[in-house]
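Me: I am new to this structure and would like to learn how to read it. Please take the features in turn, with the general idea before the case.

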Amino acid sequence: MAPNTKTSRKAARYAVPVAVAGVAAATVAMVPAFANAGGPDLPKVTAQQLIEKVAASDVQQLSGTARITTDLGLPTIASGLLGGGGIAGGSAAPEDKVAQLANGSHTLRVAADGPDRQRLTFLDGKDEYSLIHNGDDVWGYDSKSNEAFHEKNAEAGKGKDGGKEHKTADRLAASPQKLAEEILKAAGPTTDVSVGDTAQVAGRDAYQLVLKPKQSGSTVGSVQIAVDAKNGVPLRVQLLSAQGGKPIVDAGFTKVDFAKPAADTFAFTLPKGAKVTEGEDGPGKGGADEHWKALESFPGLGGLTGGANGKGDVKVLGEGWSTIARIDSGSERSLKDLENDKNAPKEAKQFLDSLGDKVKGKFGEGRVLSTRLVNALITDDGKVYVGAVTKDALVKAADANK
């Protein structure tokens, strides 16, 4: 959350696993450490050398299969809203599909041939969703609904160097390689980094970078990045909870080949009868405003967000792993008002029940929505405190910023 770059914002919008790990792995310090003998016998390297190896990797061509499993411990109602039923089906818009990676397990076929050609295919039984970038064209196609999304990548505008800004590459950031790169881009001084046990991932020898927060109060135990010992490509990323248990996010290649993919891998022919939606504003539209609109549309909750007149003001508290965002919705209605409203829709009551523990402090009263990674405190006066921190850390932040 601490980094506020354009790249980070786009990654958060189009690849939820990237957003999740980006919040967690906000910063890193170069603490020398050496690999243990937990896997293949590899030459010893320091954390600094391994990070430099990733940065120096010039691999731009690969194909393979990846598996992403996300277990945020979401309440049932929130899990349903994220679309846990699978990737295929419904709108062909890329952001709608990639967002579903925030819940459950998904298999992807991955292919890349430089910055102008990438392809991700999300597998869901016999149905598939493909996202294809080939030159200036971007296609998303859902085989179940026979719907397609199309836009010209040139509409992204010009980058600082005068070249095209490959917004689709950010959408394709669901691969383990892009996920690890985004985490390392967020590096800073509030994290210890070391080299853990060696490992084998997708049949290849790998070192493992281990990132741990120096600060207290984080829900994150560590982030572990498996790096190909030969070419420096990140092969797997695991985000582990401070409370233990299975990984919150486990994204890794199960099969990978670094040969040049066949040219027809990136070709797309619109199937007969497919409905096509042309991109208008592209990935630049939406963002925080869209999240507020989604909450406003939930039955009975428009008043809590302040509706169309809500402020939506955001203030960043703290830094690194302890970063908390305070959002002032400008609401004229409190959680308690909704709780006591006999005429409130049952869906709104169900949402309240999913929020979990009631809490009190100098700030007043509120409720905490808890997951294994991100927690949110919603106060009765319409403020939201959210971060990859514990419930106690949120209450302290609310008390200090009431």
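Reply: Start with burial. Buried means under 20% relative accessible area, exposed over 50%, and partly exposed in between, with a 1.4 Å probe and protein chains only. Tyr-141 is buried, at a relative accessible area of 14%, whereas Phe-268 has 21% and counts as partly exposed. The model is predicted: local features need pLDDT of at least 70, side-chain atom pairs count only at pLDDT 80 or more, and totals for chains, interfaces and linings use all residues. Residues are numbered from 1 along each chain as its sequence is written, and side-chain values use heavy atoms, with hydrogens and water left out.

Me: How is a pair of aromatic rings read, and how many aromatic pairs are there?

Reply: A pair of aromatic rings is described by the distance of the centres and the angle of the planes. Rings of Phe, Tyr and Trp (its six-membered ring) pair if their centres lie within 6.5 Å; planes under 30 degrees apart count as stacked, over 60 as edge-to-face and the rest as tilted. By this rule there are three aromatic pairs. One of them joins Phe-122 and Tyr-129, which are tilted, with 5.8 Å from centre to centre and 40° between the planes. Phe-122 is buried at 0% relative accessible area, and Tyr-129 is buried at 0% as well. Tyr-141 and Phe-268 also form a tilted pair, because their ring centres are 5.9 Å apart and their planes stand at 50°.

Me: Which parts of the chain does the pair of Tyr-141 and Phe-268 tie together?

Reply: Helices (H or I, at least four residues) and strands (E, at least two) are DSSP runs, numbered from the N terminus. Tyr-141 lies in strand S6 (residues 137–142) and Phe-268 in the loop between strand S13 (249–257) and strand S14 (275–278), so the pair links parts 127 residues apart in sequence.

Me: Which residues of helix H3 are buried?

Reply: In H3 (residues 47–56) they are Ala-47, Leu-50, Ile-51 and Val-54. These residues lie on the same side of H3, because they cover an arc of only 100° around the axis. The arc is that of the directions from the helix axis to the C-beta atoms.

Me: What is a nonpolar core, and which residues touch the most other members in the largest one?

Reply: A nonpolar core is a set of buried Ala, Val, Leu, Ile, Met, Phe, Trp, Tyr and Cys residues joined through side-chain atoms within 4.5 Å. The largest has 24 residues, and those touching the most other members are Leu-50, Leu-209, Leu-211, Val-223, Ile-225, Leu-239 and Leu-373. At least two residues of this core come from each of H3, strand S8 (191–195), strand S10 (204–213), strand S11 (220–228) and strand S12 (234–241). A second, separate core has 23 residues, including Phe-122 and Leu-131.

Me: How many helices and strands does the protein have?

Reply: The protein has 12 helices and 20 strands. Of its 402 residues, 49% count as buried.
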